[in-house]
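Please consult the sequence and the model shown here.

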Amino acid sequence: MGINLQDPVVQLREVRLGSITGYAGSAAKLYEKSQQTTTLGEQERSFSQCISCSANQVKNQLVSIRDAAVVEHGPTGCSGDIPGRNLVSRSGRKQRNLPVHNLNYISTNLDENDMIYGGRDKLETAIREAKRRFDPKAIFVTTTCAAAIIGDDVAGICDMMEEDIGIPVVAIFCEGFRSRVWATGFDAAYHGILRKIVKPARQKQPDLINIINFQGCDVFTDLLSRLGLRPNYIVPYTTVEQLAHISEAAATLQICNTLGTYLAAGLEEHFGVPEIKAPLPYGVAGTDAYLRELGRVVHKEAAVEQLIADEKERIAPKLEQLRRNLAGKKAFIGAGDGHGHSILAIIEELGMQLAGSCIWHHDLKNDNGDERSDELKHVITHYGNFSIGICNKQSFELVNLMNKKQPDIYIARHTGTIWATKLGIPSFLMGDEHFGLGYQGLINYGELILDTISNPAFVKNIAAHNKLPYTDWWLAQEPFSFLGGGC
Amino acid sequence: MSEIIQGPRHFCALGAQQTVTSIERAIPIVHAGPGCSAKLFQAMACSAGNQGAGYAGGDSIPCSNMIERDVVFGGEDKLRSLIEGTLKIMDGDFFVVLTGCTADLVGDDVGSIVREFQDRGIPIVFAETGGFKGDAYKGHELVLQAIIEQHLQAAAVKQQGFVNVFAAVPGHDPFWEGDLHELKRLLNSIGLRANILFGYGSGGIDALNAIPAAEFNLVVSPYIGLKAAQLLEKKFGTPYLHYPVLPIGATETGKFLGAVGDFAGIDRKFIDKIIKNKEDEYYHYLSRSADFLIESRYNLPKRFFNINDASYALAVSRFLVNDMGYIPAHQFITEDVPAEFRQDVADYFQELAPGISSGVTFSQDGGVINEAIQGFDNTTPPLLLGSSWDVDVADWVNGIHLSMGLPITDRLILYHTYVGYRGGLNLVEDIYTKLLSLQG
């Protein structure tokens, strides 16, 4: 256990958390095995489809810091996510009444010449230009496969430039080939923030609660205000100054431990901010436990019990009605390690059945090592054992399994809705991770699911006019037959 | 030293995967690190007006997702099993292996592996498209070259009136599919059969196999596609016409049809009659709103900047000057135009119309472009035709902005086109609808 902030390079998730990217079978058995070992051993696939990479996830967090800049040291193809992130950032800024403008981002555009002679000069130029163009409070320099293979001394250059331009220049090591688990990118981003941006607390703010999230809508202001607390959403849309003082919060909450495990644990270990160790707040059982643990840590037990009682009473009639309408409907889930289990909790509590699930990867444990925040354990305990596929975003496995299960709905966090549509299965891609959160989240999800399955005209039309890009042979095989060197 | 890039638009050579997925039932096989393929799909399909995976793109693309072990020991065995798996799992007619930086830097001998499959009679080619080799236009040309050199066989006979078209680059021209189909319709209207290679109904592997049977090749672009045409001339003796201007609106489309007709030996009177008919219809619509189009109440723009690739910047400049009476402010060419073509490209912006020329700046760096635009005298509100990156600079100079070039994140593109008579009318509708929507 332990978050090492000395080394500029984050320790990989597969080393820290024993993460794996392939498994098929019983969830209870997976949990049991996860408890007994530090590594399950990775199962290879002899065929695979494109996945994401750490460099991609790093930018998910870093480009959205309001007054920082990102310099990506690599060829420009590595910047392919940037236009989409710019759209997300602009719409998020608009939603939050912040000034709307393009991302503060520069690529060093490494070319063939740089592969031979190195990209040092370009990186220096890019850092200087980022300072001149954006006047940022900090610059994050992110690495890529090409930059790592040619061996540029990114850490050394960043240290030198930091002295030169007078703001933090933070090297983030996230080249894609290092880790099989692209969520390592979140850890790499947070590692840099913990090392170089966060400062020791000047004075604790007993009503301030860190919430590690993506871009979700603001549901915590209302929830926490009823406990006399304030949310501090991190990292997107924060300022560098705000990040410097996240050490002053009374506690840290997460909405997805795939995202926040490293930052939450690092804040506790190095800055004394308690991490709330509880299941995630999706479904009544999870939300109860989450709020109660928060109440215990910040000494608001009575207020939490009142909040829980009020909310449950408020949603009860609507929840009852939704359960009647959704009873027995089958859902298929495609999502990340933490959030996928959260969606499972929601559909179980709505009275639906799990038709199947593809979870992108599996962490044997969280950085805190505390089983109270083990989301897999939570869902098995409350909703019983289920069949789980760890598919590393392998679309051919997902499509094969979904085709066999023929669910009433496919619920995705990242990908696959196009294939559900071509199979004639209604689906949605949940972009707002707060939509299903808390007691109201159950109602939100229930209504969205009902609206989504009530008129499947569009998906049926699309399905009738499309063919999947897979052979009949493949669709007849077992979905995970390429795992472990099969087929 | 190549430029640093703020506001990336043209990504890297591995973007050629979008060229492959635009060939019907073709399957790219990407030998690269994890993340490359997904990012380029995001960049060139999702950020091209929300065009999605198509038949076998997006997250269905086979990829070796190279990890550290492959960097150390090489990824050749992994690639071989990836291709074997692809042939079993993916339902395709044509396969293209593309490499990323990692595979190219560790020196995997991709050619030898692909030749093993070629020797088994499998329709498969490879192109080394490591991202550091250049932008996605470069990748597109490398794929065309790979198909010509590794796959095509000479035709028994040349088919008269059959023409291969090298014009819009899939993804890079976000309107590529509409544009190619409009070119096909235009060529059909003068009696030619166009082989557009990419997009709906283009024919997939059959279209590729038919390339050597063409009477001639038609390159409609300042320089992209020229290498392919020259290669085809060398390999199959097919002549080519290089027509640098993608035609938008009546003036240019008429000139285009005339030039192609002359090259193909089609009766000039016949061509003129077609042009006359199409122009009459075009001016019917344009005339009806002519009073609005010359109003000054809503700050209708008179001067324009293009911030786009050479092809669109030139096409739109010609249209706005010749059909609409605009004055060019300055044009920014945003892809990495190879040095040997830069002078030619700049020259195309001279004498856009008698006495009207435009200055040209070649830059991939949005920061350079933003600063330059603010340096111009923008007393009257200019029109800025660029990408979604250029919304901010348009605001700073009080201009009207329309997204026409990659990346486009503020539009949905299904089959829209800016080519030909129809494309000219579309562009006028889009510019002035945008302007009016800002008034309310």
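## The second largest cavity

The lining of the second largest cavity comprises 12 nonpolar, 8 polar and 1 charged residues; Ala, Val, Leu, Ile, Met, Phe, Trp, Tyr, Cys and Pro count as nonpolar, Asp, Glu, Lys and Arg as charged, and the others, Gly among them, as polar. Of its 21 lining residues, those closest to the centre are A:Cys78, A:Cys145, B:Cys36, B:Lys39 and B:Cys101. A cavity is a set of points on a 1 Å grid over the protein atoms alone where a 1.4 Å probe fits but cannot get out, and lining residues have an atom within 4 Å of a point.

At least two lining residues each come from α7 (145-150) of chain A and from α2 (36-46) and α5 (101-106) of chain B. The largest share, 3 residues, is supplied by α2(B). Helices (H or I, at least four residues) and strands (E, at least two) are DSSP runs, numbered from the N terminus.

B:Asn164 lies in strand β5 (residues 159-166) of chain B. With 0% relative accessibility, B:Asn164 counts as buried (under 20% relative accessible area, 1.4 Å probe, protein chains only).

The side chains of B:Asn164 and B:Asn217 are joined by a polar contact of 2.6 Å (a pair of N or O atoms within 3.5 Å; within protein, one must be able to donate a hydrogen and the other to accept it, and residues adjacent in sequence count only if both atoms are side-chain atoms). A polar atom of the B:Asn164 side chain also lies 2.9 Å from the backbone oxygen of B:Ile211.

## Basis of the model

The model is predicted: local features need pLDDT of at least 70, side-chain atom pairs count only at pLDDT 80 or more, and totals for chains, interfaces and linings use all residues. Residues are numbered from 1 along each chain as its sequence is written, chains are lettered from A and ligands numbered from 1 in the order in which they are written, and side-chain values use heavy atoms, with hydrogens and water left out.

Definitions and conventions: Buried means under 20% relative accessible area, exposed over 50%, partly exposed in between (1.4 Å probe, protein chains only). On a 1 Å grid over the protein atoms alone, a cavity is a set of points where a 1.4 Å probe fits but cannot get out, and a pocket is an open set with protein on both sides within 12 Å along at least five of seven lines; lining residues have an atom within 4 Å of a point.
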